[in-house]
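Visitor: I would like to learn how to read the contacts in a structure. Please take them one feature at a time.

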2 protein chains.
Amino acid sequence: MSLSKIFIENNIEKTLTEFLNAHQFSQIAIIVDENTKEFCYPLLKGFLPTHFLISVKSGEVEKNLNTCTHIWNEMTAHALDRKSLVINLGGGVIGDMGGFCASTYKRGVAFVQIPTTLLSMVDASVGGKLGIDFEGFKNHIGVFNHPLAVFIDPIFLKTLDSRELRSGFAEVIKHSLIADYEHWKFLKIKDLSSLDWLSVIKHSINIKSAVVDQDPNENGLRKILNFGHTIGHAIESHFLEIPNKRLLHGEAIAIGMIAEAWIAMKKGFITTDECKEISNYILTTFEKLHIENDEIKQIIPLTLQDKKNQNGEVQFALLEAIGRGNYEQGVSEKEMIEALNYYNSIN
Amino acid sequence: MSLSKIFIENNIEKTLTEFLNAHQFSQIAIIVDENTKEFCYPLLKGFLPTHFLISVKSGEVEKNLNTCTHIWNEMTAHALDRKSLVINLGGGVIGDMGGFCASTYKRGVAFVQIPTTLLSMVDASVGGKLGIDFEGFKNHIGVFNHPLAVFIDPIFLKTLDSRELRSGFAEVIKHSLIADYEHWKFLKIKDLSSLDWLSVIKHSINIKSAVVDQDPNENGLRKILNFGHTIGHAIESHFLEIPNKRLLHGEAIAIGMIAEAWIAMKKGFITTDECKEISNYILTTFEKLHIENDEIKQIIPLTLQDKKNQNGEVQFALLEAIGRGNYEQGVSEKEMIEALNYYNSIN
């Protein structure tokens, strides 16, 4: 498995131009949504060689087979060949779906990721997980494949509203919780607006890359990256169907991390104080929701479809301590319900 | 890239049972069409452990995204997990599409191929090319991925009609033409009905495997396997849309090999006599068609969509001699038209 070259610099014009000059692509297609077309594409347009745009609608609900069909049709209409390059300019949806389409068009053309959200900078653009949602299940259809390169420039963060920025910050918190106690302490005393993003992003990506490099196909260690995601994904999937309650990925993961910290506490991995410390810190950044009992009943079965499951048992990534994740922890339905009740009970 | 274990034996009960015993699959799904369900599945049913069937309609026209959606839905409905096995029981359509669905469901579950046609035994089950047709373009969407194993048992050839058997034989002829002059001489003096299929299949697979092993991602040498396929695929695609003129893959490739042998002759790679020798032998096995001028005009543009193209030029695999293929031979539209006129002119 070839891993990608990751450029983290405040100067995408330089890094991307050098990269394109070093390769000989026959054509360049750029996948954008209406937001990245308006706010991010103008930051590249001036220095890019000849290219064409493939536009899709923004949002997780568009990350499906219909949109892939549109993308494949556009690639076909432009007679994109195997020596072409696809540039995915956007957040996790564009990166995952555009990467999947590039990886499957004519059995694979080269692609690079230009993540434009904090979430996709620290998470989606590293690790080679590509795919789309299917019948309500997140990332149900996809492949493992690596972009030729990832270009991260914090300039794109200026195009985000504060809700989007916070959503991405959930993954920064997660990386510290599963792998770096010192960074957890550092984050706790900082305000979001006072952070040096280039350094925070580098740190977060280093954690993720180190984990992925050791276990690219998610046979073991890589599963710790799923902390907060088993319950978080189920919550995200559930609310995806309810337009006025739809959550951003990181907002759902924030709830998942609190619930799963509680489970880690119940299993004796972390103390009650550590569980409270995690909950309190997350709730300084993320708005508290109330999840109705009826909703909890609908959310729990969604965890059964999680790709981490084996033999019908729900397998969680939890915390061994603050700063150290573990994985393959069997969790019962009852524990999940109690964990969400705990989340509801805090304030 | 891990290549597959290939079992070529007259005893699939033994090879498949040993394989399943050596692995621990949580579930087994078998993809069948109405033909393999009726004629091939009964040969396995008696000795297989617990499993379920996913049924699709037979035929190249079914090798599309709609059928994939059906397969993915069935996998989801049975809560197939990542430790499951998918068995593709059928010809090239089932193997290519079932392999693609398995490779993309939850970013990949294990699969094995049990090819039931001669074509899929000697061709489709070796080499890791998976995919589906899209908007009239053959194998336009897909991935490179290898099955855990391939089980080849000539017992399934008894389930085929003679047209299907001949179709597969086109690939046997191709393998000899591109890589084995001695085998070409051997085939020429044999009648189809007097062949020892186990030995012919082994020989053909050895040629293909040797080529694929040297160039798994089709950057160079592997392209020789496309001999007959640039024009052949275009012909197959064209007639796919005309129900009463639809051709089997090998029937289209037979025409493609004659046309492309003529181009090799025009370029001075083979002699006029060798071109005639190839044409005459192929026409002892395959029925002669007449391709109308109007049809030729529609067929030629379809070669432009071939995955082998770069920078808009149509790149062919041709013959350097009988028994030796070459590749990346630029061919003009005029040469293609003349080649199909040559095909029309012989009798």
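Guide: Start with the interface: about 3,200 Å² is buried between chain B and chain A, and carbon and sulfur atoms give 57% of that area. Buried area is the accessible area (1.4 Å probe) that two parts lose on being put together, summed over both. This is a predicted model, in which local features need pLDDT of at least 70 and side-chain atom pairs count only at pLDDT 80 or more, while totals for chains, interfaces and linings use all residues. Residues are numbered from 1 along each chain as its sequence is written, chains are lettered from A and ligands numbered from 1 in the order in which they are written, and side-chain values use heavy atoms, with hydrogens and water left out.

Visitor: How many residues of chain B are in contact with chain A?

Guide: Contact means heavy atoms within 4.5 Å. By that rule, 35 residues of chain B touch 35 residues of chain A.

Visitor: How many salt bridges does the rule find across the interface of chain B and chain A?

Guide: A salt bridge is a side-chain nitrogen of Lys or Arg within 4 Å of a carboxyl oxygen of Asp or Glu. The rule finds two across this interface. A:Glu218 forms a salt bridge with B:Arg82, with the closest N and O atoms 3.4 Å apart. Over all chains, the structure holds 32 salt bridges.

Visitor: What does a salt bridge within one helix look like?

Guide: A:Lys174 pairs with A:Glu171 in a salt bridge whose closest N and O atoms are 2.8 Å apart. The two are separated by about one helical turn because A:Lys174 and A:Glu171 lie three residues apart in helix H7 of chain A. Helices (H or I, at least four residues) are DSSP runs, numbered from the N terminus.

Visitor: How are two packed helices described?

Guide: They are described by the angle between their axes and the distance between the axes. Axes are lines fitted to C-alpha atoms, for helices over the stretch in contact, and angles run from 0 to 180 degrees between N-to-C directions. Helix H11 (residues 249-266) and helix H12 (residues 272-285) of chain B have axes that come within 9 Å and cross at roughly 175 degrees. H11(B) and H12(B) are therefore roughly antiparallel; the classes are under 35 degrees for roughly parallel, over 145 for roughly antiparallel, 65 to 115 for roughly perpendicular, and oblique for the rest.

Visitor: Which residues in H11(B) meet H12(B)?

Guide: Among them are B:Met257, B:Ala261 and B:Trp262 in H11(B), and the residues met in H12(B) include B:Cys275 and B:Ile282.
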